[in-house]
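Work through the exercises below with the model open beside you. Try each task before you read its solution.

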Amino acid sequence: GINAEYMGVSFAGCGFEQTPTIVASMQGGSSHWQNTGIDAPYNVSPDGATYYIHQETLRTDRATQHDYVLRWVAFEGSNNDGAIEGAPSKMCFGTITSDLWVNYSGSYGIYGDASFADCGFSSTPIVVSSLTGNTSHWQAKGMNAPYDPSADGARWYISQDPLRTDTAVTREYELHWVAFEF
């Protein structure tokens, strides 16, 4: 549960043998859009993940009052290994690893591309994403805002002051994405 700014997610019962790809969003009745850290899990492992949620006025009673709920989905497997049964007509997932980022915009950003070529989409999918790392990724912007998504792929621009590819490698920034076609 929420304890001020901390939330643990358990993967107990999921049977993961490897660190899964995870994406999350927060639902609520008011002001949840002001929270940061929702798309930036820490310590992702086969056992679970930790979220540090920040908002100027976030308290457990406020989170309860506004019905804040962290919704997440996690998948184990290799990138783009096909559709998953019981999901939308097509679903694919993957990771932009820390070594695939490219510098842009002076000292303020990086970008990375994901290919959906092996997913078999016939139209632009719905795409959700989050940024994992070992420090400071909750302060980054752009991790849940893909640019020009299409059936072929998407690009993410991640902005933070400062942020370069060497910083992304040191901080182990990885962008996890899930794409759905209905």
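## Exercise 1: A hairpin and its sheet

**Task.** Find out how many residues link β10 to β11, then trace the sheet around this pair.

**Solution.** 

Step 1. Start at the turn. β10 and β11 form a hairpin, and 2 residues connect them. Keep in mind that this is a predicted model.

Step 2. Look at the pairing. β10 and β11 (residues 153-159) run antiparallel and share 2 bridges.

Step 3. Name the partners. Ser150 lies opposite Gly153 of β11. Tyr147 lies opposite Arg155 of β11.

Step 4. Cross to the other neighbour of β11. Strand β8 (residues 109-115) is joined to β11 by 7 bridges, again antiparallel. Here Gly109 has Ser159 of β11 as its bridge partner.

Step 5. Write down the order. The open sheet has 4 strands, β7-β8-β11-β10, with antiparallel pairing. β7 (102-104) and β10 (147-150) each have a single partner strand, so one side of each has no neighbour in the sheet. From one strand to the next, the twist averages 30 degrees.

## Exercise 2: A three-stranded sheet

**Task.** Which strands form the open sheet of 3 strands, and in what order?

**Solution.** 

Step 1. Read off the order. It is β1-β4-β3, and the pairing is antiparallel.

Step 2. β1 (6-10) and β3 are the edge strands, each pairing on one side only.

Step 3. Zoom in on β3 and β4. They pair in the antiparallel sense over 2 bridges. Ser45 has Gly48 in β4 as its bridge partner.

Step 4. Inspect the link between them. Pro46 sits in the loop between β3 and β4 (48-52). Its relative accessibility is 23%, so Pro46 counts as partly exposed. Phe16 is 30 residues from Pro46 in sequence, yet their C-alpha atoms are 5.2 Å apart.

## Exercise 3: The second largest pocket

**Task.** Which residues lie nearest the centre of the second largest pocket? Which strand gives the largest share of its lining?

**Solution.** 

Step 1. A probe the size of a water molecule, rolled over the atoms, shows where empty space is left.

Step 2. Take the volume. The second largest pocket holds about 290 Å³ of space.

Step 3. List the centre. The pocket has 18 lining residues, and Thr19, Val44, Thr132, Glu174 and His176 lie nearest its centre.

Step 4. Assign the lining to strands. β3 (42-45) and β12 (174-181) each contribute at least two residues. The largest share is that of β3, with 3 residues.

Step 5. The lining has 5 nonpolar, 10 polar and 3 charged residues.

## Exercise 4: A serine and a proline

**Task.** Is Ser129 buried or exposed? What does its side chain reach?

**Solution.** 

Step 1. Ser129 belongs to strand β9 (residues 126-132).

Step 2. Apply the cut-off. Buried means under 20% relative accessible area. Ser129 has 5%, so it is buried.

Step 3. Follow the side chain. The side chain of Ser129 reaches the backbone oxygen of Met143 at 2.4 Å. A polar contact of 3.1 Å also links the side chains of Ser129 and Trp156.

Step 4. Move on to Pro146. It lies in the loop between β9 and β10. With a relative accessible area of 22%, Pro146 is partly exposed. The C-alpha atoms of Pro146 and Trp177 are 9.5 Å apart, and the two residues are separated by 31 residues along the chain.

## Exercise 5: The whole chain

**Task.** How many helices and strands does the protein have, and how do they run from the N terminus on?

**Solution.** 

Step 1. Count the elements. There are 2 helices and 12 strands.

Step 2. From the N terminus, the elements run β-β-β-β-α-β-β-β-β-β-β-β-α-β.

Step 3. Finish with burial. Of the 182 residues of the protein, 44% count as buried.

Notes:
Residues numbered from 1 in each chain as written. Predicted model: local features only at pLDDT ≥ 70, side-chain atom pairs only at ≥ 80, totals over all residues. Heavy atoms only, no water. Pairing = 2+ DSSP bridges. Axes fitted to C-alpha atoms, helices over the stretch in contact; angles between N-to-C directions. 1 Å grid on protein atoms, 1.4 Å probe; cavity = no way out; pocket = protein on both sides within 12 Å on 5 of 7 lines; lining within 4 Å. Points joined across faces, edges and corners; volume = space filled by probe spheres on them. Nonpolar A, V, L, I, M, F, W, Y, C, P; charged D, E, K, R; others polar. Buried < 20%, exposed > 50% of the residue type's maximum accessible area, 1.4 Å probe, protein only. Polar contact = N/O pair within 3.5 Å; in protein donor to acceptor, adjacent residues only side chain to side chain.
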